[in-house]
Amino acid sequence: YIITQVRPHPWFERKGNDIYLELPLTASEAALGAKVSVPTLDGPTVVTVPPGTQSNQKLRLKGKGIARKEGVRGDQIATVKIVVPKNLDEKSKQLLKEFERLNPYNPRSTWN
């Protein structure tokens, strides 16, 4: 008998022929849109993040997954995770407060 075990990859998770990856973005990259480098099985590739991208939004990289028997490849799915800095200096805090004042928005407003 041969028993094989596959260690989990630190970035990728395989589901069928698709590859999943968490893609951390800054709040400004998500809000304004950006071109970011994303690791794939074939090496890094540049992905265009559309303006207004939300946390948990999925970006599909067609044909960047595992090859099927027919030669067609699965996809890579990058799930966006918005990451904010933990320690802000006073100037950054002031800028964020000004941004909030200029752009009033309550994502919980539908709860009332």
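Visitor: Is Pro39 buried, partly exposed or exposed?
Guide: Pro39 counts as partly exposed, because its relative accessibility is 27%. Buried means under 20% relative accessible area, exposed over 50%, and partly exposed in between, with a 1.4 Å probe and protein chains only. This is a predicted model, so local features need pLDDT of at least 70, side-chain atom pairs count only at pLDDT 80 or more, and totals for chains, interfaces and linings use all residues. Residues are numbered from 1 along each chain as its sequence is written, and side-chain values use heavy atoms, with hydrogens and water left out.

Visitor: Where does Pro39 lie?
Guide: Pro39 is in the loop between E3 and E4. Helices (H or I, at least four residues) and strands (E, at least two) are DSSP runs, numbered from the N terminus. The C-alpha atoms of Pro39 and Leu21 are separated by 8.7 Å, and the two residues are 18 apart along the chain.

Visitor: How many bridges join E3 to E4?
Guide: Two strands pair if DSSP finds at least two bridges between them. Strand E3 (residues 34–38) and strand E4 (residues 45–49) run antiparallel and are joined by five bridges. Val36 has Val47 as its bridge partner in E4. The hairpin of E3 and E4 has six residues between the strands, and Gly43 there takes a positive phi near 110°.

Visitor: Which side chains of E3 are buried?
Guide: The side chains alternate along E3. Ala34, Val36 and Val38 point to one face and are buried.

Visitor: Which residue has a positive phi although it is not a glycine?
Guide: Most residues other than glycine have a negative phi. Asn56 has a positive phi of about 75°. Asn56 lies in the loop between E4 and E5. With 47% relative accessibility, Asn56 counts as partly exposed.

Visitor: Which strands pair with E6?
Guide: Strand E2 (residues 18–26) runs parallel to E6, with eight bridges. Strand E5 (residues 58–61) pairs with E6 in the antiparallel sense over four bridges. Thr79 in E6 stands opposite Glu22. Thr79 is also the bridge partner of Lys58.

Visitor: How is a pair of aromatic rings described?
Guide: By the distance of the centres and the angle of the planes. Rings of Phe, Tyr and Trp (its six-membered ring) pair if their centres lie within 6.5 Å; planes under 30 degrees apart count as stacked, over 60 as edge-to-face and the rest as tilted. By this rule there is one aromatic pair. The ring centres of Trp11 and Phe12 are 6.3 Å apart and the planes are at 85°, so the pair is edge-to-face. Trp11 is exposed at 53% relative accessibility, whereas Phe12 is buried at 13%.

Visitor: Which residue has its charged end over the ring of Tyr20?
Guide: Lys15, at 4.7 Å from the ring centre. A charge sits over a ring if NZ of Lys or CZ of Arg is within 6 Å of the ring centre and within 35 degrees of the ring normal.
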